[in-house]
Amino acid sequence: MSANAAAEYTSYLGGGDTLKSWLTTLDHKRIAVLYLISITLFFLIGGVAAAVIRLELVTYAGDFVTAETYNKTFSLHGIVMVWFFLIPSIPATLGNFLIPLMVGARDLAFPRLNLASWYLYTVGGIFTIGMVIAGGVDTGWTFYTPFSTMFSNTYVVAAVIGVFIVGFSTIFTGINFIVTIHKMRAPGLTWFRLPMFVWANYATSAIMVLATPVLAMTLTLVAVERIFQIGIFDPALGGDPLLFQHLFWFYSHPAVYIMVLPAMGVASELIACFSRNPIFGYRFMAYSVMAIAVLGFLVWGHHMFVSGQSVYAGMMFSLFSFVVAIPSAIKVFNWTATLYKGSISFEAPMLYALGFVFLFMIGGLTGIVVAALALDVHLTDTYFVIAHFHYIMVGGSVMAYLGGIHFWWPKMTGKMYSEMWGRVAAVLIFVGFNVTFFPQFLLGYLGMPRRYHEYPEALEVLNVISSGGAVILTLGYLLPLVYLLWSLRYGRIAGGNPWEAKGLEWQTSSPPAKHNFKETPVVTEEAYAYSPYKV
Amino acid sequence: MMEGFGSFLGEASSLSRHFDTLFLALFILCSLVTIIITFLIIFFAVKYRRGAKVNRFTVRKSTAIEFVWTLIPFGLFLAIFVWAAYFYTELLFPPDDEMVDLDIAVVGKQWMWKLQHPNGKREINKLHVPLGKNIRLTMVSQDVIHSFFIPAFRIKHDVLPGRYSTIWFRPIKLGEYHLFCAEYCGTDHSRMRGKVVVMEPSDYAQWLQQK
Ligand code: HEM
Ligand SMILES: [Cu+2]
Ligand SMILES: [Cu+2]
């Protein structure tokens with residue numbers, strides 16, 4: 001039977017390449033590719049919005065677009081980047097593709113649910129694009145009440161419905177991962193032999209399943225107040241405006257960990273592979289992602305230190321925020337220690353991974369600055385916060401996402417990309433990112449509020465530098481688009497395991513066969529058993 | 001109006017200096033962590049690059065070192081937490097009634113600040129205050145949530161509809177300072193700006209009497 005199967009080997013890409021066969025596929029690898037294409041489109045949409053924002057801020061006067069357009073632009077940027085790019089990014093593409101391979105399974109537990117999840121994403125996305133064409137929304141991605149429910153004259157309900165729908169695609173993905181990781185691990189693949197990438201996605205899935213329903217409910221309440229004028233949030237109708245912020249951040253802080261935990265998983269895989277070392281402190285790393293997932297639910301109030309919540313509540317939320325920094329710090333220390341006595345090489349994925357560690361560290365440390373109560377009073381709602389979370393989410397998560405795409409590109413496509421261009425792009429992105437966002441720490445310290453269409457003249461220099469950096473960053477992001485697509489046609493044949501990496505996904509062919517493995521693999525060693533192979 | 005950003009921020013309230021000290025302390029702590037980690041990453045990356053002839057033999061024991069490198073920094077950062085929390089109460093709990101020299105009523109609405117002095121004198125987007133006095137603001141919004149932010153004083157608080165919030169400050173330097181709305185409140189959020197003018201108490205008294 002197995003000799004037979006080998007003879008009939010077809011890659012998941014081969015056969016049935018009609019549009020219909022792709023749109024009705026139940027293969028997790030094909031669904032990952034569908035996701036990859038769709039989130040790239042949304043990344044471009046969000047990127048264009050970012051470009052408009054940075055162009056407007058080149059001069060202190062509001063002269064490039066009107067205030068209304070500016071507000072709609074940053075709202076679009078936030079909504080698209082958070083819900084249509086970052087949240088699905090690593091889980092829905094790399095996770096979808098790799099988790100069954102990494103646990104030695106044929107597919108995810110619920111292939112139909114997986115396809116449904118992509119369709120929900122697409123419907124939510126089309127809804128959101130339609131909302132923008134109709135006229136857009138100007139509430140920011142945070143939808144603060146009572147502005148969103150009673151005062152904005154834009155398409156709030158449509159925007160909320162788009163996000164509501166895409167939320168369910170997140171929940172479906174989460175359920176699928178949890179069941180797969182629990183039930184479908186290959187023989188011998190115990191919990192503490194799982195790659196960190198699987199642990200990270202497991203922790204992420206738990207947050208997805210627990211937090212996203214709260215978002216759905218909160219957005220429903222926004223729509224209800226807006227449509228039926230029932231007093232939930234607007235005090236003029238008898239509502240409580242802070243209630244919204246509590247509900248929103250109860251989802252949205254855990255959601256930032258949805259965005260960064262998978263990136264931590266990717267970084268662990270890359271650093272282990274390119275330093276030919278097992279991840280240092282494997283168990284601590286695994287406990288850390290779970291700890292982050294749990295503690296992440298206890299810190300939402302750190303977004304509300306000046307909102308009028310009780311001063312004592314502020315203290316608790318601040319303390320918990322310091323505590324949640326511990327597992328994040330453990331991760332950084334352990335990645336560093338993994339390099340120790342390794343045999344380190346610097347292919348593009350490794351450059352992305354090292355860039356990730358550095359930028360995530362800056363993001364995390366400045367997170368502590370804004371978690372320190374008295375400092376946050378001055379810094380909140382300024383560009384300092386913008387810089388902080390871009391260091392985490394763009395410097396950190398996007399960097400790791402790109403590193404992962406490069407690392408597993410040969411696995412997904414069977415082709416090698418151009419190593420030289422890969423390195424050039426990684427360096428451009430790292431430099432461009434810092435030039436764009438570092439000045440924003442200074443702007444924030446000087447008091448420049450976020451979401452400002454015009455600003456005092458004295459702050460212009462720093463804004464010009466930041467916009468200049470964005471040009472470099474844009475180049476860096478466009479490059480991979482070119483050479484990765486190029487590699488599909490002209491790239492070298494990759495072979496099963498071009499990086500000589502450990503992990504079950506490297507034991508099958510590239511691109512993998514439809515059914516992943518010829519026969520179910522049996523695992524006999526720990527994850528990252530690299531050491532004996534060191535040079 | 002031209003000003004370099006050195007003087008842009010200013011240290012103009014009794015609390016500004018405390019803020020800057022605390023910020024500096026945390027900045028040093030964070031820089032230390034950054035420098036150590038960055039150094040180690042680069043050092044390891046160079047020393048253990050593939051092909052280099054170095055001893056790579058190692059026995060990996062992680063438990064003890066995990067506790068050391070977690071708990072020591074955590075202790076240091078915890079000190080910052082306590083310091084920042086204590087100072088937060090100072091910012092957000094206004095002084096007792098008898099300590100307050102001046103009570104100002106603040107109303108935010110899309111998109112302007114309306115301010116009223118105790119004798120009933122009103123102004124818009126401009127707030128005159130006397131130097132060296134404890135000034136308490138009682139703030140409310142007529143529509144959406146705004147946020148009253150004076151960077152030079154390191155003070156900010158949201159201004160909510162249907163609920164009064166109070167903050168306070170004591171200006172220690174004459175001059176004009178920016179007043180911003182820091183909570184996104186709709187189309188002209190970025191134009192909801194004004195000036196705080198700190199005057200000699202005698203000038204302020206005179207100003208108060210002008211029609
Ligand atoms: C190292 C631990 C971290 C700490 C202590 C921390 C702390 C904070 C605090 C206190 C704020 C509120 C700032 C303010 O409103 O002024 C904040 C904002 C934010 N953080 Fe973090 N953070 C951490 C990590 C992260 C991570 C991992 C992410 C995402 C991947 C993230 C994303 C964000 C976002 C999106 C905001 C801004 C929300 C908004 O105002 O629109 N943070 N963080
Ligand atoms: Cu306002
Ligand atoms: Cu505003």
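This is a predicted model: local features need pLDDT of at least 70, side-chain atom pairs count only at pLDDT 80 or more; totals for chains, interfaces and linings use all residues.

Colleague: Which protein atoms are the donors of the copper ion (ligand 2)?

Modeller: A donor here is an N, O or S atom within 2.8 Å of the metal. Four protein atoms lie 1.9 to 2.5 Å from the copper ion (ligand 2). They are B:His146 (ND1), B:Cys181 (SG), B:Cys185 (SG) and B:Met192 (SD).

Colleague: What arrangement do the 4 donor atoms around the copper ion (ligand 2) make?

Modeller: For four donors, the test is whether all angles lie between 85 and 135 degrees. The angles at the copper ion (ligand 2) run from 98 to 133°, so the arrangement is tetrahedral.
The spacing of these donor residues in sequence is H-x34-C-x3-C-x6-M. B:His146 sits in strand β6 and B:Cys181 in strand β9 of chain B, so the pair links distant parts of the chain, 35 residues apart.

Colleague: Which protein residues are the donors of the copper ion (ligand 3)?

Modeller: The donor atoms lie 2.0 to 2.5 Å from the copper ion (ligand 3), and B:Glu183 contributes its O atom. In sequence the donor residues follow the spacing C-x1-E-x1-C-x3-H. The angles of 88 to 121° make this arrangement tetrahedral. The residues are B:Cys181, B:Glu183, B:Cys185 and B:His189.

Colleague: How far apart are the copper ion (ligand 2) and the copper ion (ligand 3)?

Modeller: B:Cys181 bridges the two ions. With a relative accessible area of 0%, B:Cys181 counts as buried, and B:His146 is buried at 0% as well. The separation of the two copper ions is 2.6 Å.

Colleague: Over residues 67–88 of chain B, how far apart are the end C-alpha atoms?

Modeller: UniProt, in an unreviewed entry, places a transmembrane region at residues 22–46 and 67–88 of chain B. Residues 22–46 are 100% helix, with end C-alpha atoms 36 Å apart. Residues 67–88 are also 100% helix, and their end C-alpha atoms are separated by 30 Å.

Colleague: What radius of gyration does chain A have?

Modeller: The secondary structure of chain A comes to 16 helices and 0 strands, and 65% of its 535 residues are buried. Among contacts with a separation of 6 or more, 83% join residues 24 or more positions apart. A compact globule of 535 residues would have a radius of gyration near 24 Å, and chain A agrees with that, at 23 Å.

Methods: Residues are numbered from 1 along each chain as its sequence is written. Chains are lettered from A and ligands numbered from 1 in the order in which they are written. Side-chain values use heavy atoms; hydrogens and water are left out. Donors are N, O and S atoms within 2.8 Å of the metal (3.2 Å for Na, K and Ca); water is not among the atoms, so sites may look incomplete. Four donors count as tetrahedral if all angles lie between 85 and 135 degrees; four count as square planar and six as octahedral if opposite donors are over 155 degrees apart and all others between 65 and 115; anything else is irregular. Helices (H or I, at least four residues) and strands (E, at least two) are DSSP runs, numbered from the N terminus. The radius of gyration is taken over C-alpha atoms; the globule rule is 2.2 Å times the number of residues to the power 0.38. Buried means under 20% relative accessible area, exposed over 50%, partly exposed in between (1.4 Å probe, protein chains only). Contact means heavy atoms within 4.5 Å. UniProt positions are given in the numbering used here, feature names are shortened, and annotations may be inferred rather than shown by experiment.
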